[in-house]
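Student: Please take one part of this model and go through it closely. I would like a single connected account.

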Protein chains: 2
Amino acid sequence: MSTMRVSQETRERILDAARELGYTPNPVARALRRQRSNVLGFVPRSDRITPYDSPVPFLLTVHLAHACIRHGYHIVEASTESTSRHGEDDLVQFLLGRHVDGVVLDSPDSAQEVARLIDHRLPVVQMIRPQHAIKTPSVMVDAVPGTTEAIEHLVEMGHRHIAFIGTSGQHPVDRLRLEAFEHVLETHGLRRREEWVVLESTYSAANGYAAANRLIETPERPTALFVTGDNLAVGVLQHLYERNIRVPEHLSVISYDDIFAGHLVPPLTSVNQPLNDAADRAIELLAADIETPPGQHEQPQSVVLSTHLVTRASVRRLSMKEQAHIAVAR
Amino acid sequence: MSTMRVSQETRERILDAARELGYTPNPVARALRRQRSNVLGFVPRSDRITPYDSPVPFLLTVHLAHACIRHGYHIVEASTESTSRHGEDDLVQFLLGRHVDGVVLDSPDSAQEVARLIDHRLPVVQMIRPQHAIKTPSVMVDAVPGTTEAIEHLVEMGHRHIAFIGTSGQHPVDRLRLEAFEHVLETHGLRRREEWVVLESTYSAANGYAAANRLIETPERPTALFVTGDNLAVGVLQHLYERNIRVPEHLSVISYDDIFAGHLVPPLTSVNQPLNDAADRAIELLAADIETPPGQHEQPQSVVLSTHLVTRASVRRLSMKEQAHIAVAR
DNA sequence: TTGTACGCGTTATCAT
DNA sequence: ATGATAACGCGTACAA
């Protein structure tokens, strides 16, 4: 756009006139001319995304939608629900048919999936659990600082018998939480007990319930639990409630995600994931990629965000006597 | 479109060729030609809509987004966050600028707000708490059958001392739950006690907490609670937990909404609102309105959906002895 | 029945 | 600098 020096008054008058005449530029015509649909595609992590069973993918979807609005885009979800007609590359067909300007992928299942999109010259951003084999811009959340802070907090509050409830996911991201946990234990000279690490197949309340059950059955009971997902924590709390084990009086609990941790009973201390920022950065990255002329693209950027601990009412400070007692017991 | 008699084989070949050449019709060009943006506007009930503080408006938003995709529309949210620049009719300017084909309003604050949109010939659908003064298509949820079923359930389980926690909203919809409650009490010859009806200003966990506190302080304690919102129930449960009053052993609880009732501790029996259906119907109504040529529109349709009770683990059956004891006590 | 040309509203380009 | 013009891709109307 050229320099366009216009007095403030003139500017006002023009805008007033425009409003009076009811003129507003037509975004559709603009889109046609610019050869841009202003629509982004979104491929969710899994198909059955419900607010309370899969809180992270769900909230990510919501934040992405908001971020899109802020950046002037629309977004269409390419779940297999919407694309289930033909074979596997139906997803690509769906997105191509919608003429999307770019695609956001949440934790794609395979590198192939990503590759197919790139083959069609579609700008792509991967989130949360990227396929590192394919070089694209990506946004991840570093689990280490938050997890470390959480376990350190438990230790500070006098806990030495700390259990871990997580999942046996294959992606590095899933392993990092456990590794951070183990690292803090080591730092404080605490022994990692096999029976106090419970890995379930997936994040779900039912699995949390089962994990809590197994943990409570161990000969010696931990004094604190680190649960790597809010919905796992729901199951844990439901089980403890049935057994009349009170939190934090009998057992302290910290969860990961901090999505509805504050709305549980009792409100849980939790590691907050910045999903809103993550969504925002993803759209920024994608928008930048789309704007970039086909000339030459820079090296794909990888954004890593950090977490932080939110303290609530689910961790109790152990008295000196209790700490001593435990020390003797082991 | 004319009759277009084409053999099955030809059809196949054409589609194959189309795919091979990578041709897909361009939705933007189609939209321009048809003079339709395929975008709907959505005016949420309030501005600060978060998943767990305002579950109903939030989930409605999400379901509306899905319904839009199913019907081939995009949706833009016209929160004051996106429109906050000038005065009050900024909202209309925003929607006009986006060239939306129609608008969904969740519980509009004033009749004026609706009227202004209609003045601009925008098709409008009102949801949940419509301004009846303006005749538009609308979708509501009838609170009576579900509430009635809930209170009947409590009575069947032997409860005769039932309290009500609600809000003092002005809209008929807010009053209906209380009226249905009172009606069932009357049917069973149970007395309505003033101190067992607590009305808070808004639906929030904090208010639920306060309401539970007030209710527990009453000289005679009810044996069951009907709470007219899941987030109110969150506060109620948090308070009861602090007081070590167990649900349902010491006190039975039923909530309204059934959004995260099943994910609370303990899982709550709850009155389910069909928000998904409501969203779907709203978009259907709006789409039909948009398709209707300017010739003549029919009488605006008003859709009323019903609720149903979902039974979980928060209601205890009172024994005969307990019932007798209570009967004597009063 | 089959084909061709024009217009939707914008913006980029070209000529003045 | 300023203004006229063509083209984006589809749908439709009109002509052949």
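Tutor: Start with helix 10 of chain A, residues 230–242, in this predicted model. The helix has 13 residues, so at 1.5 Å a residue it should span 18 Å. Its end C-alpha atoms are 19 Å apart, which agrees.

Now its surroundings. Twelve of the 13 residues of helix 10 of chain A are buried, so the helix is largely enclosed by the rest of the structure. A residue counts as buried here if 20 or more other C-beta atoms lie within 10 Å of its own.

What covers them? Just after helix 10, A:N244 takes a positive phi of about 60 degrees.

Next, the domains. Chain A is divided into domain 1 (36–141 + 276–305) and domain 2 (143–273 + 310–329). Their C-alpha centres lie 33 Å apart. Nine residues from domain 1 and ten residues from domain 2 make the contact. On the domain 1 side, helix 3 (55–70) and strand 5 (138–142) each supply at least two residues. Helix 3 gives the largest share of that side, three residues. By class, the domain 1 side has seven nonpolar, no polar and two charged residues.

Technical notes
Residues numbered from 1 in each chain as written. Chains lettered and ligands numbered in written order. Predicted model: local features only at pLDDT ≥ 70, side-chain atom pairs only at ≥ 80, totals over all residues. Domains from an automatic or database assignment. Contact = placed C-beta atoms within 7 Å. Helix = DSSP H or I, 4+ residues; strand = E, 2+ residues; numbered from the N terminus. Nonpolar A, V, L, I, M, F, W, Y, C, P; charged D, E, K, R; others polar. Expected span 1.5 Å × (residues − 1).
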